[in-house]
Amino acid sequence: MGIETLRKVGITPLRVFSGRGVKPHLSLSFYDVEGIERIFGIDTTPFSKKMVEPDSYLITHAHSDHYGKSAMSSKLSVASKETATALELLHGREFNGSTFEMEGSFLIGETEVSTFRTNHTIGSSAYLWENECGVRILVTGDVKDYRELPSCDLLVTEANYGDPFDSACYFEDDLKNFLEVAGGGEVVFGAYAFGKAQRAVTTLRNSGFEDPIGMSQKSLNLTKSLLEDGGELVGLNNDANVWIVPPHELSGIERSNRFVLTCRSDYYYPAIHLSDHMDVRGLVAMVEHCQPEATLLYHPKGDRPKKLADHLLNEELCTAIAAEDIHPTTPKRK
Ligand SMILES: [Zn+2]
């Protein structure tokens, strides 16, 4: 099922050209069960007034490279309750769209959209719906754990670590090292305020770590608001053996042990592997799990979506397309 085949079953992936360049990510045009043409934006920014208005902007999670900051101003936006809360805390303004309970479903017109956890961040959600031909479309956003995802015909997913020829795309979380270092005390970990910081707290609490955890203000607000069972979380002026701060704040902190929780290798401080993503083996396993006829790799920018598409084709797992290969168009008002 290449782009032409997708069109024959009533699905047209769109990359929107806005005059100032191509808008992020993509939109999917399809015919719903009543035969009405619908457009769902996927982690994109609102269309200009001259363009046709989509039926919805689906936001998969609150990371800035998925553009919720811009989409949250539109009443057409949809996000999980947790994602909407995270966007409001991160950007200091109101989420104007509608929200849903995780693992529930909602209607857009006559189309029922079901939601599934991806465990990439708190509130990160995949979306599944069918078009008029019964073709099952699954949009995942970023994924840490694919096991709760359903099977589908068209998988629209990420390729953050999707290059099978790049050694950086093979990793495992080093939980043992992380817990040992945390247990040693007098340590500060660099972790992004939304996503990695909550993963670090959850990992510590699940291991039985009950001591207070110190966090810088933004991380503390997000974690207290979004994480149930986070235990005792305090500001950095309180006593705590373990601190968590955004990576860029590490250099300003006087502690003998400083680490970054990351799978990247370009930080000054030593890294402990703890990722919000799957490596390339996980991405391929997700495709095998979801059993799509076609996969559309839509994120991130760069050549990794194309590299993963080529790999899926070479392995004969399914037809695969990188979003960058879709010619940009400007969907005009009729
Ligand atoms: Zn993300």
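Which residues of α7 are buried? I would like to begin there, and the list reads Val280, Gly282, Leu283, Val284, Ala285, Met286, Val287 and Cys290. Before I go further, please keep in mind that what you see above is a predicted model.

Helix α7 spans residues 280-290, and eight of its eleven residues are buried, so the helix is largely enclosed by the rest of the structure. Just after α7 comes glutamine 291, which takes a positive phi of about 50°.

If we leave aside the neighbours within four places in sequence, cysteine 290 is in contact with Leu138, Leu149, Pro150, Ser151, Cys152 and Leu155. Cysteine 290 and leucine 154 are 136 residues apart in sequence, yet their C-alpha atoms are 9.2 Å apart in space.

Now let me step back to the whole protein. It has eight helices and 19 strands. Its radius of gyration is 21 Å, close to the 20 Å that the globule rule gives for 334 residues, so the protein is as compact as a globular protein of that length. Taken along the principal axes, the C-alpha atoms fill a box of roughly 60 × 45 × 35 Å. Of the 334 residues, 55% are buried, and the accessible surface comes to about 15000 Å², with 45% of that surface belonging to carbon and sulfur atoms. If we take the contacts between residues at least 6 apart in sequence, 56% of them join residues at least 24 apart.

That brings me to the interior. In soluble globular proteins, nonpolar side chains tend to be buried together. Here, the largest nonpolar core has 36 residues, and those with the most contacts inside it are Phe189, Ile213, Met215, Val242, Ile244 and Leu261. Several elements each supply at least two residues of this core, among them α3 (81-91), α4 (175-184), β12 (187-190), β13 (213-215) and β16 (257-261). Helix α5 gives the most, with four residues. This core also draws at least three residues from each of two domains, domain 1 being 3-166 + 278-325 and domain 2 being 172-272.

My last topic is the charged pairs. How many salt bridges does a search of the whole structure find? The search finds 17, and I will walk you through some of them.

In one, arginine 38 pairs with aspartate 55, with the closest N and O atoms 2.9 Å apart. Arginine 38 sits in strand β3, residues 37-42, while aspartate 55 sits in the loop between β3 and β4, so placed that the partners are 17 residues apart. Arginine 38 counts as buried, at 14% relative accessibility, whereas aspartate 55, at 24%, counts as partly exposed.

In another, arginine 304 forms a salt bridge with aspartate 166, and here the closest N and O atoms are 2.8 Å apart. Because arginine 304 lies in helix α8 and aspartate 166 in the loop between β11 and α4, this pair ties together parts that are 138 residues apart in sequence. Aspartate 166 is partly exposed, with a relative accessible area of 23%.

A further pair is formed by the side chains of glutamate 186 and arginine 255, at 3.9 Å from N to O. Glutamate 186 lies in the loop between α4 and β12, and arginine 255 in the loop between β15 and β16, so parts 69 residues apart in sequence are tied together. Glutamate 186 is partly exposed at 36% relative accessibility, while arginine 255 is buried at 11%.

Finally, salt bridges that share partners join Asp32, Arg38 and Asp55 into one network.

Conventions
Residues numbered from 1 in each chain as written. Predicted model: local features only at pLDDT ≥ 70, side-chain atom pairs only at ≥ 80, totals over all residues. Heavy atoms only, no water. Core = buried A, V, L, I, M, F, W, Y, C linked by side-chain atoms within 4.5 Å. Buried < 20%, exposed > 50% of the residue type's maximum accessible area, 1.4 Å probe, protein only. Domains from an automatic or database assignment. Rg over C-alpha atoms; globule rule 2.2 N^0.38 Å. Contact = heavy atoms within 4.5 Å. Areas by Shrake-Rupley, 256 points an atom, 1.4 Å probe, with all protein chains shown as cover. Salt bridge = Lys/Arg side-chain N within 4 Å of Asp/Glu carboxyl O.
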